[in-house]
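Trainee: Could we go through this structure together, one question at a time?
Mentor: Gladly; let us look at it first.

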Amino acid sequence: MQKNILIVDSQPASRAALKALLCDQYEVLEAESRRAAIMILRERRTAVSAVLLDLSMPETDGCAVLEAMGQDPALSAIPVIAASPPDNGEAKGRALRLGARDFIDKPYDSAILHKRLANLIELYEANASLVHIERDGLTQLYNKDAFFHRATEILHRNPGKNYTLVVTDIERFKLVNDSFGTAAGDELLRYIAKCLAYNAEQKNGLCGRLNADHFVVLIPEDFCKESFQPIVDGAERDLAAYPLRMKITLRFGLYPVTQREVPIELMCDR
């Protein structure tokens with residue numbers, strides 16, 4: 001089965017030339033702009049093995065694609081090879097800071113391009129196999145250690161961006177297990193995890209399970225009622241539709257991230 005490569009280049013002729021170089025080994029997807037690239041990545045993120053990004057597009061700043069990917073936890077792990085003329089050192093440095101994994105000079109050397117793509121995809125797939133270790137077995141959210149690690153990375157990568165940490169748990173969750181059984185309790189945890197993950201994804205946030213019925217979300221916004229209320233409203237709406245003969249209520253605690261040196265674990269405790 002061929003792997004998918006996304007080419008991001010505003011020039012149709014350049015995309016066609018690259019596709020001709022790669023189509024014998026890869027299924028090639030194409031995007032002419034930042035918006036189109038992010039749309040494809042969000043729709044097919046689990047299927048894209050690498051991105052080949054032109055940094056010198058006249059209509060679109062290639063680094064804007066890297067910025068958008070870096071702000072979305074679901075996309076930030078997808079490897080990017082940045083392409084530019086050999087003398088474009090400033091753009092290469094910026095791309096590296098924004099998360100590019102490798103560089104290739106234009107015009108392209110076919111043998112070098114294939115080798116670098118193969119190496120990058122091999123490394124990406126090796127890292128992807130570790131994702132199973134990072135996931136909570138019941139909910140498939142990030143487990144506590146993985147969430148702490150990834151949230152710390154996100155805060156480090158985006159020092160000028162405001163974040164809010166949200167911790168939530170289920171009121172009287174033990175009563176659910178006692179009254180309906182642990183299987184019903186596990187099903188409820190999976191349902192809440194799915195709802196929280198969806199709402200977090202709409203805000204380009206990161207979601208994890210701390211333990212038992214405790215969940216955590218890192219939201220890339222400064223805390224205010226207007227940004228937080230949709231999360232509460234969404235949770236109440238989702239839980240009202242849940243088929244259990246018991247009212248389910250979530251409790252929320254919030255921590256505006258103002259001191260980056262505080263460990264994520266301590267932020268959750270606070």
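**Walking through the fold**

Mentor: The protein chain holds eleven helices and nine strands, where helices (H or I, at least four residues) and strands (E, at least two) are DSSP runs numbered from the N terminus. This is a predicted model, in which local features need pLDDT of at least 70 and side-chain atom pairs count only at pLDDT 80 or more, while totals for chains, interfaces and linings use all residues. Residues are numbered from 1 along each chain as its sequence is written, and side-chain values use heavy atoms, with hydrogens and water left out.

Trainee: What percentage of the residues in the protein chain is buried?
Mentor: Buried means under 20% relative accessible area, exposed over 50%, and partly exposed in between (1.4 Å probe, protein chains only). The C-alpha trace to which this applies spans about 65 × 40 × 30 Å along its principal axes. Of the 270 residues in the protein chain, the buried share is 46%.

Trainee: In what order do the five strands of the open sheet lie?
Mentor: Two strands pair if DSSP finds at least two bridges between them. The edge strands, each pairing on one side only, are β2 (26-31) and β5 (102-105). Neighbouring strands of this sheet are turned by 25 degrees against each other on average, direction ignored. The pairing is parallel, and the order is β2-β1-β3-β4-β5.

Trainee: Which residue in β4 is the bridge partner of Leu52?
Mentor: Strand β3 (residues 48-54) and strand β4 (residues 80-84) pair in the parallel sense over four bridges. For Leu52, the bridge partner in β4 is Ile81.

Trainee: At about what angle to β2 does α2 run?
Mentor: Axes are lines fitted to C-alpha atoms, for helices over the stretch in contact (heavy atoms within 4.5 Å), and angles run from 0 to 180 degrees between N-to-C directions. Helix α1 (residues 12-22) lies across β1 (3-8), β2 and β3, and runs at about 170 degrees to β2. Helix α2 also lies across β1, β2 and β3, and its angle to β2 is about 135 degrees.

Trainee: Is the crossing of α2 and α3 left-handed or right-handed?
Mentor: The axes of helix α2 (residues 34-44) and helix α3 (residues 62-70) come within 9 Å and cross at roughly 35 degrees. A crossing is left-handed if the near helix is turned anticlockwise from the far one by less than a right angle, and right-handed if clockwise. By that rule, the crossing of α2 and α3 is right-handed.

Trainee: How many residues of the contact of α2 with α3 are charged?
Mentor: Arg34, Ala37, Ile38 and Leu41 in α2 meet Ala64, Val65, Ala68 and Met69 in α3. Ala, Val, Leu, Ile, Met, Phe, Trp, Tyr, Cys and Pro count as nonpolar, Asp, Glu, Lys and Arg as charged, and the others, Gly among them, as polar. The contact has seven nonpolar residues, no polar ones, and the number of charged ones is one.

Trainee: Which residues are linked with Arg15 in a network of salt bridges?
Mentor: A salt bridge is a side-chain nitrogen of Lys or Arg within 4 Å of a carboxyl oxygen of Asp or Glu. Glu30 forms one with Arg15, the closest N and O atoms being 3.0 Å apart. Because Glu30 lies in strand β2 and Arg15 in helix α1, this pair ties together parts that are 15 residues apart in sequence. The network joins Arg15 with Lys19 and Glu30.

Trainee: Are Arg209 and Asp136 buried or exposed?
Mentor: Their side chains meet in a salt bridge at 3.1 Å, N to O. Arg209 sits in strand β7 (residues 206-211) and Asp136 in the loop between α6 (131-134) and α7 (144-157), 73 residues apart. With relative accessibility of 12% for Arg209 and 14% for Asp136, both count as buried.

Trainee: Which residue forms a salt bridge with Lys203?
Mentor: Lys203 lies in the loop between α9 (182-202) and β7, and its partner in the loop between β8 (214-219) and α10 (225-240), so the pair ties together parts that are 18 residues apart in sequence. The closest N and O atoms are 3.3 Å apart, and the partner is Glu221.

Trainee: Why does His114 count as buried?
Mentor: His114 lies in helix α5 (residues 110-129). Leaving aside neighbours within four places in sequence, His114 is in contact with Leu21, Leu22, Asp24, Gln25 and Tyr26. His114 counts as buried because its relative accessible area is 12%.
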